[in-house]
Amino acid sequence: ASPHRATGFGLQPAARAVLGRRGERFDLVIADPPTYATTKKTRWKSGKQWVGLAASCFAVAAPGAIVLLSSNDGRMSMGRFRRFVHEGAREAGVKLR
């Protein structure tokens, strides 16, 4: 059996909560959401919602993990994106280098 395991989940808060409750941690976390997305229960819009998504990603990242966050939102400056990511890290109790 391989020591590697991959899992995927959408933007649904319930899916992120399940991973957190299980205490699962990952060495690599990647988030590349669309600029806009709508489901029956949720609506994602790039911008301030990045704080929560980043916090969720950092919450399931193992110590020393690589967390890759990507945005294709041309309206958002790199500085604003970085602020959202850093705020999410703070909410998750993670200090970024």
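Reply: The description below begins with the chain as a whole and then turns to the core, its aromatic pair and the surroundings.

The model is predicted. Its protein chain contains 3 helices and 4 strands, and from the N terminus on these elements follow the order α-β-β-β-α-β-α. Of the 97 residues in the chain, 31% are buried. Among contacts between residues at least 6 apart in sequence, 62% join residues at least 24 apart.

The largest nonpolar core has 17 residues, and those touching the most other members are V29, W50, C57, F58, L69 and F81. Two or more residues of this core come from each of β1, α2, β4 and α3. Helix α2 gives the largest share, 6 residues. As a general matter, nonpolar side chains in soluble globular proteins tend to be buried together.

Apart from neighbours within four places in sequence, C57 is in contact with V29, A31, V67 and L69. Strand β1 covers residues 26–31, and strand β4 covers residues 61–69.

The chain has 1 aromatic pair by the rule applied here. The ring centres of W50 and F81 lie 5.0 Å apart with the planes at 90°, and the pair is therefore edge-to-face, since an angle over 60 degrees places a pair in that class. The pair links distant parts of the chain, for W50 belongs to helix α2 (residues 50–59) and F81 to helix α3, 31 residues apart. W50 has a relative accessibility of 0% and so counts as buried. F81 also counts as buried, because its value of 12% falls under the 20% limit.

A nonpolar group is also found on the surface. L28, I30, I66 and L68 form a patch there, with about 410 Å² of accessible area together. Strands β1 and β4 each supply at least two residues of this patch, and L28 is found in β1. For the whole chain, the accessible surface comes to about 6800 Å², of which 54% belongs to carbon and sulfur atoms.

Finally, burial extends to a residue in a loop. D73 lies between β4 and α3 (78–91) and is buried, with a relative accessible area of 8%. Not counting residues up to four places away in sequence, D73 touches T35 and S46.

Note on methods: Residues are numbered from 1 along each chain as its sequence is written. This is a predicted model: local features need pLDDT of at least 70, side-chain atom pairs count only at pLDDT 80 or more; totals for chains, interfaces and linings use all residues. Side-chain values use heavy atoms; hydrogens and water are left out. Buried means under 20% relative accessible area, exposed over 50%, partly exposed in between (1.4 Å probe, protein chains only). Contact means heavy atoms within 4.5 Å. Rings of Phe, Tyr and Trp (its six-membered ring) pair if their centres lie within 6.5 Å; planes under 30 degrees apart count as stacked, over 60 as edge-to-face and the rest as tilted. Patches are made of residues with over 30% relative accessible area and no salt bridge: like charges are joined within 9 Å, nonpolar side chains (Val, Leu, Ile, Met, Phe, Trp, Tyr) within 5 Å. Accessible areas come from the Shrake-Rupley method with a 1.4 Å probe; for residues, only the protein chains shown count as cover. A salt bridge is a side-chain nitrogen of Lys or Arg within 4 Å of a carboxyl oxygen of Asp or Glu. A nonpolar core is a set of buried Ala, Val, Leu, Ile, Met, Phe, Trp, Tyr and Cys residues joined through side-chain atoms within 4.5 Å.
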